[in-house]
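Work through the exercises below with the sequence and the model open. Each task is followed by a solution in steps.

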Amino acid sequence: MKKNHEVLETLFLVLQVGITMMVTFGICFGAGYFIDKKFGTKLIFFFIVLGILSGYRAVYLLIKKHIHGKEEEPEEWVKKAFNKDDEDKA
């Protein structure tokens, strides 16, 4: 059963990587296309490169998070935000 969980987790990671690349590239391409049409510039190539680089960065962070798992401690503000509710109940 644990093996099935690992397979599904890996499948979702691959899907998330693909969707992340498409969305970041699509948003930057759309912004560049809009600016080109609106102002008559040639900035679409800059936005394409920006979309590719931001997509790679997002994918890198996803894979890094997947490799390290949940071993890292949450940030301080997360601890404060979620422990506040626990303190109110006590």
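**Exercise 1. Overall fold**

How many helices and how many strands does the protein have?

Solution. The model is a predicted one, in which local features need pLDDT of at least 70 and side-chain atom pairs count only at pLDDT 80 or more, while totals for chains, interfaces and linings use all residues. Residues are numbered from 1 along each chain as its sequence is written, and side-chain values use heavy atoms, with hydrogens and water left out.

Step 1. Take helices (H or I, at least four residues) and strands (E, at least two) as DSSP runs, numbered from the N terminus. The protein then has three helices and zero strands, in the order α-α-α along the sequence.

Step 2. Apply the burial classes: buried is under 20% relative accessible area, exposed is over 50%, and partly exposed is in between (1.4 Å probe, protein chains only). Of the 90 residues of the protein, 14% count as buried.

Step 3. Count a contact where heavy atoms lie within 4.5 Å. Among contacts between residues at least 6 apart in sequence, 51% join residues at least 24 apart.

**Exercise 2. Helices α1 and α2**

Compare the end-to-end reach of α1 with its expected span, do likewise for α2, and list the buried residues of α1 and of α2.

Solution. Step 1. The expected span is 1.5 Å times one less than the number of residues. Helix α1 has 38 residues and reaches 55 Å from first C-alpha to last, close to the expected 56 Å. Helix α2, with 25 residues, reaches 36 Å, close to the 36 Å expected.

Step 1. In α1 the buried residues are L13, V17, T20, T24, C28, G32 and D36, and they pack against α2. In α2 they are I44, F47, G51, G55, V59 and L62, which pack against α1.

Step 2. An α-helix has 3.6 residues a turn, so residues three or four places apart point the same way.

Step 3. Look just past each helix. After α1 comes G40, with a positive phi near 70 degrees; just after α2, G69 has a positive phi of about 65 degrees.

**Exercise 3. Aromatic pairs**

How many aromatic pairs are there?

Solution. Step 1. Rings of Phe, Tyr and Trp (its six-membered ring) pair if their centres lie within 6.5 Å; planes under 30 degrees apart count as stacked, over 60 as edge-to-face and the rest as tilted. By this rule there are three aromatic pairs.

Step 1. One of them is F25 with F29, stacked, at 6.1 Å centre to centre and 20 degrees between the planes. Both residues lie in helix α1 (residues 2-39), four residues apart, about one turn of the helix. F25 is partly exposed at 32% relative accessibility, and F29 is partly exposed at 34%.

Step 2. F46 and F47 form an edge-to-face pair, 5.5 Å centre to centre with 75 degrees between the planes. F46 has 53% relative accessibility and therefore counts as exposed, whereas F47, at 15%, is buried.

Step 3. F25, F29 and Y33 form one aromatic cluster.
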